[in-house]
Amino acid sequence: METSENPKYSSAVLFVDNVEESKSFYTDILGQEIKMDFGRCVEFIDGFSIWERSYALKMMGLKVDASSNKNNAEMYFEIDDLDKLFTKLKSKKIRFLHEIIEQPWVQRCFRIYDPDNHILEFGEPMTVAIERLYEQGLTHNQIVKKTLMPVEFVLDVIGKIDSVKND
């Protein structure tokens, strides 16, 4: 796999109060198609996602304040070498929301604030998380359960790993 020193913009995430209402708005009214639906998190084919606001803020360790419009969106970037970027940014004068954490679906990430206090998330691609679990000896079924990824996606990633190993 080709890797880069720089994070790659992946998507925008909108934090919403009612996922079902917002999902209906984006699908029924705006005609957006759902790529993956995890209940409190919905990813659309065109590259943006909606997250239940209270869940997202809790994941980030922030308080939910119904009277505030702060912390209602984030920009999401992916990078293969998350630890290297984390170390690089730690040496700068940047305000971190949190250190590297592992999300409940096993993806590792960290978040920072930009100069205008927008939240920027940097996460490893799910392919990297799946590869890490596979290297730890987990079966594809165990990986599917831990990551919540579709079985076809997990099998595709494992197939590519095995293909490289067998060359």
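Author: Helices (H or I, at least four residues) and strands (E, at least two) are DSSP runs, numbered from the N terminus. The model is predicted: local features need pLDDT of at least 70, side-chain atom pairs count only at pLDDT 80 or more, and totals for chains, interfaces and linings use all residues. Residues are numbered from 1 along each chain as its sequence is written, and side-chain values use heavy atoms, with hydrogens and water left out.

Reader: Is lysine 23 buried or exposed?

Author: Lysine 23 is found in helix α1. Buried means under 20% relative accessible area, exposed over 50%, and partly exposed in between (1.4 Å probe, protein chains only). The relative accessibility of lysine 23 is 13%, so this residue counts as buried.

Reader: Which residue's side chain does the side chain of lysine 23 join in a polar contact?

Author: A polar contact is a pair of N or O atoms within 3.5 Å; within protein, one must be able to donate a hydrogen and the other to accept it, and residues adjacent in sequence count only if both atoms are side-chain atoms. At 3.2 Å, such a contact joins the side chain of lysine 23 to that of glutamate 20.

Reader: Which residues does serine 22 contact, leaving aside its neighbours within four places in sequence?

Author: Serine 22 has its place in helix α1, which spans residues 19-29. With a relative accessible area of 15%, serine 22 is buried. Contact means heavy atoms within 4.5 Å. Once neighbours within four places in sequence are left aside, the contacts of serine 22 are Val16 and Ile50.

Reader: How many of the eight residues of helix α2 are buried?

Author: Helix α2 covers residues 53-60 and is mostly covered. Its buried residues are Arg53, Tyr55, Ala56, Leu57, Met59 and Met60.

Reader: What is the distance between the C-alpha atoms of asparagine 71 and phenylalanine 15?

Author: Asparagine 71 lies in the loop between α2 and β5 (73-78), and at 23% relative accessibility asparagine 71 counts as partly exposed. Among the residues that asparagine 71 touches, not counting those up to four places away in sequence, are Phe15, Arg53 and Leu57. Asparagine 71 and phenylalanine 15 are 56 residues apart along the chain, yet their C-alpha atoms are separated by 8.1 Å.

Reader: What is the phi of valine 106?

Author: Most residues other than glycine have a negative phi. Valine 106 is placed in the loop between β6 (96-102) and β7 (108-113) and is buried, with a relative accessible area of 6%. Although valine 106 is not a glycine, its phi is positive, at about 85°.

Reader: Where does leucine 148 lie?

Author: Leucine 148 is not a glycine, although its phi is positive, about 65°. This leucine 148 is partly exposed, with a relative accessible area of 47%. Its place is the loop between α5 and α6.

Reader: At what angle do helices α4 and α6 pack?

Author: Axes are lines fitted to C-alpha atoms, for helices over the stretch in contact, and angles run from 0 to 180 degrees between N-to-C directions. Helix α4 holds residues 126-135 and helix α6 holds residues 151-166, with axes 10 Å apart. The two pack at an angle of about 65°.

Reader: How is α4 placed relative to α6: roughly parallel or roughly perpendicular?

Author: Angles under 35 degrees count as roughly parallel, over 145 as roughly antiparallel, 65 to 115 as roughly perpendicular and the rest as oblique. The packing angle of α4 and α6 is about 65°. Helix α4 is therefore, relative to α6, roughly perpendicular.

Reader: How many charged residues are there in the contact of α4 with α6?

Author: From α4, the residues include Met126, Ile130 and Glu131, which meet residues of α6 including Phe153, Asp162 and Lys165. Ala, Val, Leu, Ile, Met, Phe, Trp, Tyr, Cys and Pro count as nonpolar, Asp, Glu, Lys and Arg as charged, and the others, Gly among them, as polar. In the contact of α4 with α6, eight residues are nonpolar and one is polar, while the number charged is four.
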